[in-house]
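Keep the viewer open and follow the points in order.

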Amino acid sequence: MAFGFPPKHKEEINTSDLSKKQAFIKALETVKKLDWNIGILNENGFVAYSKFSMSSWSEKIQVVIEDGVIKINSRCTGNQWMDWGKNKKNITSFISMFDSLITWENSEKVEEKYSELLTEFELEANNKQPLNQEEKDSNFLSIFIPSKGYFITPILMYLNSAIFIIMAITGVSIFLPDSESLLLWGANFRPATLDGESWRLLTSCFLHIGIFHLLMNMYALVYIGLLLEPYLGKSRFLSAYLITGIAGSAASLYWNDLTISAGASGAIFGMYGVFLAMLTTNLIEKAARKAMLTSIVVFVGYNLVNGVQGGIDNAAHIGGLVSGLIVGYSFYFSLKKPKLLNLKFATIGLLSILVIASSFIVLSTTSPSEFSKYDREMEQFVRLEETALGLYRMPENTTNQEYLDEIQNTGIPSWKSNLELIDRVDKLELPNGIHERNLKLKEYCNLRIESYELIYKAFLEDTDIYDSEIEGYNEKIEFVINDLSEQ
């Protein structure tokens, strides 16, 4: 069983008794017998893909043919940490089939068979495309090191991780950050984002709600980065990440009323969208498209279905994915003509303008007026509450009459004013969660009024016989306050 990122298995075949062309012929005949799909091929070897099945996500088998040796590397193409022996099985099958085939010894026959196989697999003799063009073939630790074809991905991983670490150092919980901390660090939240803090559309893409959220997103980012960044290059990859991240945040803002949204998920789904778009074009060779398309679709589909459950911002996922598809198709022309740098940067510029304009439309059409009214009213609620609770701040030498005057003239009227305030805000067009909270606030105010009336009665009669009843009200009030805090 192989373990890694992605899982892979390597072996070599000694072919010192064969010429390079003889080894090439036997290797291609072996792939034909195993019914694998040939992808990239040149005089140094080829890449093949096993068939997709219940036991296989179409592994990629790279065969490099050198004088006296054939190097075989089988690796997974899906989001897997373990291969459950599939890669070793592929190489074992290849070696077994290779050994069972005859060797073409006549030089003329060798040349004839070699040409025949080239034609059969529709290969071009002058194909100089490197066998490992589309991925970084290295050990696990190298996924943390920026390198050619894999530069932006590790930097984004470091940036996301660094922000998380700094948050933890400043006291934010690494398992379940509270709402206040997330908002302080720039999470996306409709009332705040619409109230002049549109920068949250971007900053929220680099925050994570706990260490498990971070690890899962960084795993998905590294996987898609290994596959996609070599094709896009640094500037396209970074711009696609930022553009789709903002698009995902805008979708989340439009769809969710009071959800605090954070995480790189929108941007990551955007990158999968870019890759899906490319897999439906001829930008990637046919055999590789067949191998990767199914695994990518399964990954995206599973995560979207899983996102239906509570606590997951599927709107950001869908917004990122759709914008990623648009970005991917938009990159097609500049990728087909890589030497036209003006076309590349013009495409990036136009896409940036498009996402900024779209985000502006979302911000302008999602009215914050009702939330603004609610916020202003709640500020008044807090002031009235502070006034009403002045009863408990009166000095020890306060007379009973002064207590009675405070309760009758200030305390109870303030709580009644808050009840009227709650009735007003409950008429606003607000999410159900706010209306449910309003009911709790009304319960809280009514309990305060009943409590104050009993305290007034105790002072008026100058007795302590109501103490246990008053304590009962205090317990109910404490329970409602805790309930409001949890909401």
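**Notes on the structure**

1. Let's begin with charges: Arg393 and Glu386 are joined through their side chains in a salt bridge, 3.4 Å from N to O. A salt bridge here is a side-chain nitrogen of Lys or Arg within 4 Å of a carboxyl oxygen of Asp or Glu. Glu386 counts as partly exposed because its relative accessibility is 45%. The cut-offs are these: buried is under 20% relative accessible area, exposed is over 50%, and partly exposed is in between, with a 1.4 Å probe and protein chains only.

2. A word on what you are looking at: this is a predicted model, in which local features need pLDDT of at least 70 and side-chain atom pairs count only at pLDDT 80 or more, while totals for chains, interfaces and linings use all residues. Residues are numbered from 1 along each chain as its sequence is written, and side-chain values use heavy atoms, with hydrogens and water left out.

3. How many salt bridges does the structure hold? There are eight. One of them links Lys440 and Asp483, whose closest N and O atoms are 2.8 Å apart. Lys440 belongs to helix 16 (residues 432-461) and Asp483 to helix 17 (residues 467-486), so this pair ties together parts that are 43 residues apart in sequence. Salt bridges with shared partners also bring Lys440, Glu443 and Asp483 into one network. Helices here are DSSP runs (H or I, at least four residues), as are strands (E, at least two), and both are numbered from the N terminus.

4. Another salt bridge joins the side chains of Arg200 and Glu197, at 2.6 Å from N to O. As background, side chains of opposite charge can pair when their charged atoms come close.

5. Now for the rings. The whole structure contains ten aromatic pairs. Phe94 and Phe98 make a stacked pair, because their ring centres are 6.2 Å apart and their planes lie at 20°. For the terms: rings of Phe, Tyr and Trp (its six-membered ring) pair if their centres lie within 6.5 Å, and planes under 30 degrees apart count as stacked, over 60 as edge-to-face and the rest as tilted. Phe94 and Phe98 are four residues apart in helix 2 (residues 86-100), so about one helical turn separates them. Phe94 is buried, at 0% relative accessible area, and Phe98 is buried too, at 3%.

6. Tyr332 and Phe333 form an edge-to-face pair, 5.4 Å centre to centre with 85° between the planes. Tyr332 is partly exposed at 22%, but Phe333 is exposed at 56%. Lys344 is part of helix 13 and is buried at 14% relative accessibility.

7. Back to Phe98: the charged end of Lys26 sits over its ring, 4.5 Å from the centre. Lys476 likewise lies over the face of Tyr473, 5.7 Å from the ring centre. To count, NZ of Lys or CZ of Arg must be within 6 Å of the ring centre and within 35 degrees of the ring normal.

8. The largest nonpolar core has 67 residues, and Leu228, Leu232, Tyr272, Phe275 and Met278 touch the most other members. Several elements supply at least two residues each, including strand 3 (45-49), helix 4 (152-169) and helix 9 (265-279). Which helix gives the most to this core? That is helix 8, with 18 residues. A nonpolar core is a set of buried Ala, Val, Leu, Ile, Met, Phe, Trp, Tyr and Cys residues joined through side-chain atoms within 4.5 Å.

9. Asp35 is not a glycine, yet has a positive phi of about 65°; Asp35 is in the loop between helix 1 (20-34) and strand 2 (37-42). Asp462 has a positive phi of about 50°, again without being a glycine, and is in the loop between helix 16 and helix 17. Asp35 is partly exposed at 47%, while Asp462 is exposed at 62%. For context, most residues other than glycine have a negative phi.
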